[in-house]
Amino acid sequence: MSLPSSDNNKHGEPSTTADDKRALRRSLLKLRSEIQPHERMYFDQKIGEQVSTYLESFAFPSLGVYLPIRNEPVLDALYTGLSTKMALSLPITSGKEQPLQFISWTPGDELVIGDYGIAVPKVQKPVPIPVAMLIPCVGFTEKRFRLGYGGGFFDRTLALYPETHKIGVAYSCLAATFNAEEYDIPLDCIITEQGIVL
């Protein structure tokens, strides 16, 4: 069920209710958890290859990446290769209603468990917002809008740094239909095992 159209919605579409998004989020997380291990390994390899190919078209000096939780794509081999070409960093949270901050990271750095059960480097060296970010998606639309976990951390961060190049990462089975909210920001692309959504 959707809310009536509002002139305040800059995307010109009706909003999707919070209850609808919670239900969709649960459904997509369940779907992601049911991907078989051999398929997941293949998909992760393909996503890594697609990201690597995409990044060859740019000369990003820095890239924000993520360490996977809740069955997100595992991109360890990609990160190892990228670490020789650009400065990598990981996002950390500083409060519920705050934007993300980023800390320097190199594959092999010692990790500890931080907020929300996410691994973070034991030694934390803050760095500026990276020029580009890999952003995991719970779901995504053909117009490149992202459904996340509902905390709004990436939304707040991207609103402050709109020039950041936003690269979504997801399995192709997570393509979904939902309406963008007023302040949702479309990603520059979404990369799946099947290709790149531009």
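Trainee: Which residues form one aromatic cluster?

Mentor: The model is predicted: local features need pLDDT of at least 70 and side-chain atom pairs count only at pLDDT 80 or more, while totals for chains, interfaces and linings use all residues. Residues are numbered from 1 along each chain as its sequence is written, and side-chain values use heavy atoms, with hydrogens and water left out. Rings of Phe, Tyr and Trp (its six-membered ring) pair if their centres lie within 6.5 Å; planes under 30 degrees apart are stacked, over 60 edge-to-face, and the rest tilted. One aromatic cluster is made of Tyr 42, Phe 43 and Tyr 171.

Trainee: What is the angle between the planes of Tyr 42 and Phe 43?

Mentor: A search of the whole structure gives 7 aromatic pairs. Tyr 42 and Phe 43 form a tilted pair, 6.3 Å centre to centre, and the angle between their planes is 55 degrees.

Trainee: How many residues apart in sequence are the parts that Tyr 66 and Tyr 79 tie together?

Mentor: Tyr 66 and Tyr 79 form an edge-to-face pair, with 6.4 Å between centres and 90 degrees between planes. Helices (H or I, at least four residues) and strands (E, at least two) are DSSP runs, numbered from the N terminus. Tyr 66 is in the loop between S1 and helix H3 (76-82) and Tyr 79 is in helix H3, so the pair links parts whose separation in residues is 13.

Trainee: Is strand S7 mostly covered or exposed, and how many of its residues are buried?

Mentor: Buried means under 20% relative accessible area, exposed over 50%, and partly exposed in between (1.4 Å probe, protein chains only). Ala 132, Leu 134 and Pro 136 point one way from S7, Met 133 and Ile 135 the other way, and all are buried. S7 (residues 132-136) is mostly covered, and its buried residues number 5 of 5.

Trainee: How far is the sulfur of Cys 189 from the closest cysteine sulfur?

Mentor: A disulfide is a pair of cysteine sulfur atoms within 2.5 Å, and the structure holds 0 of them. Cys 173 is in no disulfide, as the nearest cysteine sulfur, that of Cys 137, is 12 Å away. For Cys 189 the closest cysteine sulfur is also in Cys 137, too far for a bond, at 9.6 Å.
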